[in-house]
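Let's talk through some charged side-chain pairs, one question at a time. Have a look at the chain below before we start.

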Amino acid sequence: MTAALRFDPIRLPEKCEQLRKEVRAFLAEEIAAGTFDPHKPNREDTDVPEFSRKVGAKGWLGMTWPKKYGGQERSFLERYVVTEEMRVANAPTRRFFVADRQSGPVLIKYAPEHIKMDILPRICRGEICFAIGMSEPNSGSDLFAAKTRATKTDGGYLINGTKIWTSSAHIADYMIAIFRTSPPTKENRRHGLTQFLVKMKQPGIQVNPIGQITGQYEFNEVVFTDFFVPDDHVLGEVDGAWKQATSELAYERSGPERFLETYYVLTELVRAVGPNPDTRSAEGIGRLVAQLHTMRRMSVSVAGMLQAGKEPVVEASIVKDIGTVWEQQLPHRVRDLAAFVEETATNRETLERQLDFAIKTAPKLTIQGGTTEVLRGIIARGLGLR
């Protein structure tokens, strides 16, 4: 079936701009206090629990969720503003970001009420961290090729297998993972996958860090050996998680973080060229900013669709495809333009240090959250082309 593809033009309302001022003031205070340095994206202190609790105290986690679970019942557009400002400032969001963006909404939709009442308020307070257990060895971004088994036993399931490229698993309190509960059928290879809530830091789970070329340890291999998950930690329909995961990815793939991860090199370049850039620099920066503005309008449109209760899976995939390719190429484009920056520029050393880190981290950007090839397959199906 072909989806009706659309990106409605949406303007952020005045209350969002007022919120933006509040978030900027808060971040400025945290920077002044030394909580983090916005000019150092390669810092090691990406997990700052106290900062997470402060963001929670502001009411900026679980913003769109029901108040009975600790949320604020605010709009997706307001949440968009908070996410955008955090990303632009290079704030240390690792501890709360996944839980706020997608794990919480999954729990709201599929978890038993007692689990919602226990976990969701703690997310809103910035107290706990979530990881996503989807990718597996030898399956790339093919979610439906998952082989990690969940075998039924008394009172629950025993998990055996491995997840890989699992961001933040080394600090996570919980993981929302997809395991195989039944074989796929000839008619539907997506059949047989079930979504589970996994409590981390328990016997039967081994987390092995995976080093990156940047020197950071963000990704992990997670090995399950006869790990027990109780029945009430099953999320949604047994054998039917593929429907849930597809919906969940609309949250993961459409936000401003999908084109702002290397944004800091662009702002540093603007500082380096100063108020009177030469023609080549002005043209290059103008082109990049125009592209950024277009992606942002598309991303805001998806936030508006989420606010309206829609599931813009195809539109979200387009945002991630265009956005991650752009942010992956951005450091190289900035490096070309930086060749003409005066050696006397006061931030030349900062720009070079940021470029070094951004170029090293860029290869992962079109892999995490779904590879470009997988995204284009989703888009093609949505447009009726395959």
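Q: Is E283 buried, partly exposed or exposed?
A: This is a predicted model, so keep that in mind for everything here. Buried would need under 20% relative accessible area and exposed over 50%. E283 comes out at 40%, so the label is partly exposed.

Q: How many residues apart in sequence are K54 and E30?
A: Their side chains meet in a salt bridge with N to O at 3.2 Å. K54 sits in helix α2 (residues 49-57) and E30 in helix α1, so the pair ties together parts whose separation in sequence is 24 residues.

Q: Which helix holds E78, the salt-bridge partner of K15?
A: The K15 and E78 side chains meet at 4.0 Å, N to O. This pair links distant parts of the chain, 63 residues apart: K15 is in helix α1 (residues 14-32), while E78 is in residues 76-88, helix α3.

Q: How many salt bridges does the model have?
A: Some of the charged residues are linked in a network of salt bridges: E17, R20, R24, E84, E85 and R296. The cut-off is a nitrogen within 4 Å of a carboxyl oxygen. By that rule the count is 30.

Note on methods: Residues are numbered from 1 along each chain as its sequence is written. This is a predicted model: local features need pLDDT of at least 70, side-chain atom pairs count only at pLDDT 80 or more; totals for chains, interfaces and linings use all residues. Side-chain values use heavy atoms; hydrogens and water are left out. Helices (H or I, at least four residues) and strands (E, at least two) are DSSP runs, numbered from the N terminus. Buried means under 20% relative accessible area, exposed over 50%, partly exposed in between (1.4 Å probe, protein chains only).
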